[in-house]
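This report considers selected helices and individual residues of one protein model. The sequence and structure are shown first, and the local features are then described in turn.

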Amino acid sequence: AGFDRADEVDYMLSAHSIQAQSVAVIRNGVISEERAFGRSSADRAAATDTIYNAASLAKPVSAMVALRLIDAGLLDLDEPLANSFVDPDLAGSTWASKVTVRMVLSHTSGLPNWRRLDDGGHGKLRFVSEPGTVYGYSGEGFEWLRKAIEHKTRQGWESLAQQFVFKPAQMNSSSFLYPARSDVRTASRYKTTGEPVESHHIANAAANLMTTAGDYARFLIFVMQGRGLSKELAAAMLSEQVTIDDRKSFGLGWQLLPGLKGGKVAIQHSGSDRGVRALALAWPDRQEGIVILSNSDNATPTWGIILKEQFGSAGEEILQHNE
């Protein structure tokens with residue numbers, strides 16, 4: 001099914017004050033359709049090559065960088081990050097030596113999402129649970145992983161991402177660096193009110209990936225087909241490492257939705273920041289998936305319409321699992 005009701009998506013964008021949205025659909029392991037709706041900036045219509053900040057969709061990319069380093073023998077899944085780097089805030093903690101690559105990628109590092117949002121930490125990084133015991137979504141874990149890998153390999157994150165993910169997956173418009181102001185393809189970001197959000201940043205393994213819907217769909221295909229990884233590591237990536245609840249678990253870099261009728265297991269990740277809403281979803285056994293990128297705070301109401309139109313009952317099932 002194509003976007004038979006593109007006018008309905010356009011209407012939804014208008015009704016919810018959504019500036020722009022780009023979508024890439026995967027069927028039979030290839031991109032079958034790319035569409036763009038709305039305006040990426042005040043003076044430019046959104047296009048299939050529009051570059052968005054995809055927020056936390058950075059995490060699966062960073063996970064793949066780590067997994068490919070493991071396959072290359074440059075890193076170990078169960079090696080402590082402290083062997084290479086320890087955040088000064090954690091230097092006095094006995095738990096600091098326990099955190100491994102596996103724990104970071106499965107969000108069992110015991111760290112909060114961000115130290116600045118952790119009221120009890122008063123701006124300092126601290127453990128909120130014992131490493132390896134419970135699920136706790138953490139951007140800080142991914143940033144510690146980035147710093148440990150950069151120390152170990154003596155390479156910057158952008159260089160590693162280009163070498164191990166962007167180039168092999170043919171993500172030619174993707175980067176952890178903010179594009180030059182002269183790149184008119186970059187989408188502006190907008191608040192709920194429609195006002196623009198200032199949006200410059202530095203490289204971050206947990207957030208701020210700059211990408212297009214088509215590029216991220218190529219990454220999803222790379223993941224679903226286990227390319228660049230040994231069979232064992234590709235299987236581990238999409239195997240339950242920790243339970244979240246009775247409907248969700250986490251693998252290595254991906255949230256897993258097991259036991260589905262419309263596909264044995266689905267993998268997904270979302271991204272949310274000021275002026276950013278992003279979704280990547282795939283059924284590896286069906287070799288189907290979708291990427292939705294938007295530059296507006298209120299973009300999520302369109303996701304349900306798009307998933308139901310594109311994937312029917314399988315899309316409905318995903319929505320129920322995310323309720």
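Pro131 is located in the loop that joins helix 3 (101-105) to helix 4 (139-153). The model is a predicted one. Because its relative accessibility is 6%, below the 20% limit, Pro131 counts as buried. Sequence neighbours within four places aside, the contacts of Pro131 are with Trp95, Lys98, Val99, Met103, Thr108, Ser109 and Gly110. Pro131 and Val104 are 27 residues apart along the chain, and their C-alpha atoms are separated by 9.3 Å.

The loop between helix 3 and helix 4 also holds His107. His107 is not a glycine, yet its phi is positive, at about 60°. The residue is buried, with a relative accessible area of 1%.

A positive phi is likewise found for Arg154, a residue other than glycine, with a value near 60°. Arg154 belongs to the loop between helix 4 and helix 5. Is Arg154 buried or exposed? At 78% relative accessibility, Arg154 counts as exposed.

| Residue | Relative accessible area | Class |
|---|---|---|
| His107 | 1% | buried |
| Pro131 | 6% | buried |
| Asn322 | 35% | partly exposed |
| Arg154 | 78% | exposed |

**Packing of helix 2 and helix 5**

On the side of helix 2, the contact involves Val61, Ser62, Met64, Val65, Arg68 and Leu69. Helix 5 contributes Trp157, Leu160, Ala161, Gln163, Phe164, Val165 and Phe166. By residue class, the contact of helix 2 with helix 5 comprises 10 nonpolar, 2 polar and 1 charged.

**Helix 6**

Helix 6 (residues 213-224) has 12 residues, which should span 16 Å at 1.5 Å a residue; its end C-alpha atoms are 16 Å apart, in agreement with that value. This helix is mostly covered, with 11 of its 12 residues buried. Among the buried residues of helix 6 are Asp215, Tyr216, Phe219, Leu220, Ile221, Phe222 and Met224. Gly226 follows helix 6 and has a positive phi, near 65°.

**Helix 8 and the segment after it**

What separates the end C-alpha atoms of helix 8 from the span of a straight helix? Helix 8 (residues 301-321) has 21 residues, and a straight helix would reach 30 Å at 1.5 Å a residue, but the end C-alpha atoms are only 16 Å apart. Helix 8 bends by about 140° at Phe311.

Asn322 is placed in the segment after helix 8. With a relative accessible area of 35%, Asn322 is partly exposed. When neighbours within four places in sequence are left aside, Asn322 is in contact with Lys248, Gln255, Leu257 and Gln268. Asn322 and Asn28 are 294 residues apart in sequence, and the distance between their C-alpha atoms is 25 Å.

Definitions and conventions
Residues numbered from 1 in each chain as written. Predicted model: local features only at pLDDT ≥ 70, side-chain atom pairs only at ≥ 80, totals over all residues. Heavy atoms only, no water. Contact = heavy atoms within 4.5 Å. Helix = DSSP H or I, 4+ residues; strand = E, 2+ residues; numbered from the N terminus. Nonpolar A, V, L, I, M, F, W, Y, C, P; charged D, E, K, R; others polar. Expected span 1.5 Å × (residues − 1). Bend = angle between axes of the 7 residues up to and from the residue. Buried < 20%, exposed > 50% of the residue type's maximum accessible area, 1.4 Å probe, protein only.
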